[in-house]
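Colleague: I would like to go through how the labels for this model were decided. Please give the cut-off each time.

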Amino acid sequence: PLVAMVYTRGAKVKNEYDLEVTKHAARVGAELGADIVKVVYTGSPQSFRKVVEGAGGNLPGGIKVVIAGGEKMESDLEVLEMVAGAMEAGGAGVSIGRNIFQHARPEAMVAAVVAIVHEGTTVDEAMKLL
């Protein structure tokens with residue numbers, strides 16, 4: 001599978017988390033032939049669902065849309081809420097770096113993320129794994 005990390009940055013991009021810009025980026029990745037497109041999380045399940053739909057990720061055989069982990073977050077709850085929101089929106093998974101490997105207990109954070117992504121665990125239940 002081809003993974004395209006499509007981030008919207010540069011002088012003309014005022015907000016890299018903007019829904020329309022992120023939706024366009026995901027669509028570009030899909031149209032270029034990526035099987036999986038990695039983009040930023042746009043902040044809510046409602047907005048991220050539009051990114052997934054815009055890339056064709058809700059269609060049978062469509063591409064998979066995953067979220068980037070982003071900058072280091074203030075709390076574990078914030079990370080897990082982002083993961084749950086992406087999954088609720090139809091995202092296919094996550095690709096998180098620093099919010100896991102800089103965690104005090106990275107193995108526990110991985111277990112919490114896996115529980116949400118693969119088992120449909122709630123954020124509250126996943127927090128108990130930390």
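Modeller: We can start with Asn99, which is buried at a relative accessible area of 2%. This is a predicted model, in which local features need pLDDT of at least 70 and side-chain atom pairs count only at pLDDT 80 or more, while totals for chains, interfaces and linings use all residues. Residues are numbered from 1 along each chain as its sequence is written, and side-chain values use heavy atoms, with hydrogens and water left out.

Colleague: Why is Asn99 called buried?

Modeller: Buried means under 20% relative accessible area, exposed means over 50%, and partly exposed is in between, with a 1.4 Å probe and protein chains only. Asn99 has 2%, so Asn99 is buried.

Colleague: Where does Asn99 lie, and which residues does Asn99 touch?

Modeller: Asn99 lies in helix α4, residues 98-101. Helices are DSSP runs of H or I with at least four residues, strands are runs of E with at least two, and both are numbered from the N terminus. Not counting residues up to four places away in sequence, Asn99 touches Gly69, Gly70, Glu71, Lys72, Met73, Val79 and Met109. Contact means heavy atoms within 4.5 Å.

Colleague: Is Val65 counted as buried or exposed?

Modeller: Val65 has 2% relative accessibility, so Val65 counts as buried. Val65 is in strand β3. Leaving aside neighbours within four places in sequence, the contacts of Val65 include Val37, Val39, Phe48 and Val52.

Colleague: What makes Val3 partly exposed?

Modeller: Val3 has 46% relative accessibility, and therefore counts as partly exposed. Val3 is found in strand β1, residues 3-5. Val3 and Lys64 are 61 residues apart in sequence, and their C-alpha atoms are 9.3 Å apart in space.

Colleague: Why is α3 called roughly parallel to α5?

Modeller: Helix α3 (residues 76-88) and helix α5 (residues 106-119) pack at an angle of about 25 degrees, with their axes 9 Å apart. That makes α3 roughly parallel to α5. Angles under 35 degrees count as roughly parallel, over 145 as roughly antiparallel, 65 to 115 as roughly perpendicular and the rest as oblique. The axes are lines fitted to C-alpha atoms, for helices over the stretch in contact, and the angles run from 0 to 180 degrees between N-to-C directions.

Colleague: Which residues make the contact of α3 with α5, and how do they divide?

Modeller: Asp76, Val79, Leu80, Val83, Ala84 and Met87 of α3 make the contact with Met109, Ala112, Val113, Ile116 and Val117 of α5. They divide into ten nonpolar, no polar and one charged. Ala, Val, Leu, Ile, Met, Phe, Trp, Tyr, Cys and Pro count as nonpolar, Asp, Glu, Lys and Arg as charged, and the others, Gly among them, as polar.

Colleague: What makes α1 roughly parallel to α2?

Modeller: Helix α1 (residues 19-31) and helix α2 (residues 45-54) pack at an angle of about 25 degrees, with their axes 8 Å apart. That makes α1 roughly parallel to α2. Leu19, Thr22, Lys23, Ala26 and Arg27 in α1 meet Ser47, Lys50, Val51 and Gly54 in α2. The residues of this contact divide into three nonpolar, three polar and three charged.

Colleague: Which residues of α2 are buried, and what puts them on the same side?

Modeller: Pro45, Ser47, Phe48, Val51 and Val52 are buried in α2. They cover an arc of only 160 degrees around the axis, which puts them on the same side of α2. The arc is that of the directions from the helix axis to the C-beta atoms. What covers these buried residues includes α1, β2 (36-39), β3 (64-68) and α3.
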